[in-house]
Amino acid sequence: MYWQTRRFQIDLSRPRVMGIVNVTPDSFSDGGQHGEAASAIAHCERLVEEGADILDIGGESTRPGAAVLPDEEEWRRIAPVIQAALSLKVPLSVDTCKPGVMQRALDAGVDIVNDVQALRRPGALELLAAHASAGICLMHMRGEPSTMQGLTDYADVVAEVAQFLGEQAARVRAAGVAAERIVLDPGYGFAKTSEQNLLLLREQRSLLSLGYPLLVGWSRKRTLGDLTGRPVDQRLPASVAAALLALSHGARILRVHDVAATSDALKVWQAGDGPGALFADNSEIKNTGGRSQ
Ligand code: HH2
């Protein structure tokens, strides 16, 4: 099982860590920490040293009620970071739902588009279909960050998330995108209550029947605060526990803020996950040298 992205074929026979780089003043857990390009670039380097397999770079917060930015401003934030991070030899993902930003990021050379709106904005699907090899993450959510909190009415949240992701993947495939380029994400925390997030986690494995690898983002999210009573800056142990649970329920890519801690936890998890697992790390990410681009 692998994820085809622009420069890299990511082998998913071992789980992968996607490190979050928020070049924003207002992200829910680290807003303002890497708002300047220089500090965001240093953060990229640190995350790679800590074991990030992929970097996910975003310029606009998706937290409930976050301000919507013009394309120009979002791109101005992330452009220098993407430019610098391209030399770090790990796949780069851009976290955006705006086709104008996707276009610029793809032109600049990013490997993956991570879209919390699952390529539903006009022009997004066409853009990715016209691209030869960029990886795509399709996530479930309802509404926009400004409205999603009120959109948590589901008859059966697991069935509805599965149906949505199946339909979006089919739509992307019908546009001519190879299945190997697609991963799916249940969208923890997006238009879901804590109870619904936990139910989805327990039933997460059922999403594997859609036939795509799963990427998940539990890092520091509010449900973890609800469970532990901890504020956002004290949710590291809870985030690691949720990440490992998501792995044991079939996820292959973990989108996290705390790469070092998650990588350590993964090593232990893998060591106990089969004979010789600890030393059988021959599943490196293969650089395809941008051949297919
Ligand atoms: N969560 C966030 C943003 N992007 N993308 C995917 N695929 N899955 C997620 O769960 C996900 C995501 C929210 O986290 P963060 O980036 O830390 O916060 P903010 O959106 O406030 O910048």
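Predicted model: local features only at pLDDT ≥ 70, side-chain atom pairs only at ≥ 80, totals over all residues.
Now the contacts. Take Ser27 first. One of its polar side-chain atoms lies 2.4 Å from an oxygen atom of the ligand. Next, Ser61. An N or O atom in the Ser61 side chain is 2.7 Å from a ligand oxygen. Then Lys221. Here a polar side-chain atom lies 2.7 Å from an oxygen atom of the ligand.

How much of the ligand does the protein bury? Taken alone, the ligand exposes 480 Å². The protein buries 98% of that. And where does the ligand sit? In the largest pocket.

Salt bridges next. A search of the whole structure finds 15. One of them joins the side chains of Asp53 and Arg14, at 3.4 Å from N to O. Which parts of the chain does this pair link? Distant ones: the two residues are 39 residues apart. Asp53 is in the loop between α1 (37–49) and β4 (54–58). Arg14 is in the loop between β2 (8–11) and β3 (16–22).

Technical notes:
Residues numbered from 1 in each chain as written. Heavy atoms only, no water. Polar contact = N/O pair within 3.5 Å; in protein donor to acceptor, adjacent residues only side chain to side chain. Areas by Shrake-Rupley, 256 points an atom, 1.4 Å probe, with all protein chains shown as cover. 1 Å grid on protein atoms, 1.4 Å probe; cavity = no way out; pocket = protein on both sides within 12 Å on 5 of 7 lines; lining within 4 Å. Sits in = over half its atoms within 2 Å of the grid points. Salt bridge = Lys/Arg side-chain N within 4 Å of Asp/Glu carboxyl O. Helix = DSSP H or I, 4+ residues; strand = E, 2+ residues; numbered from the N terminus.
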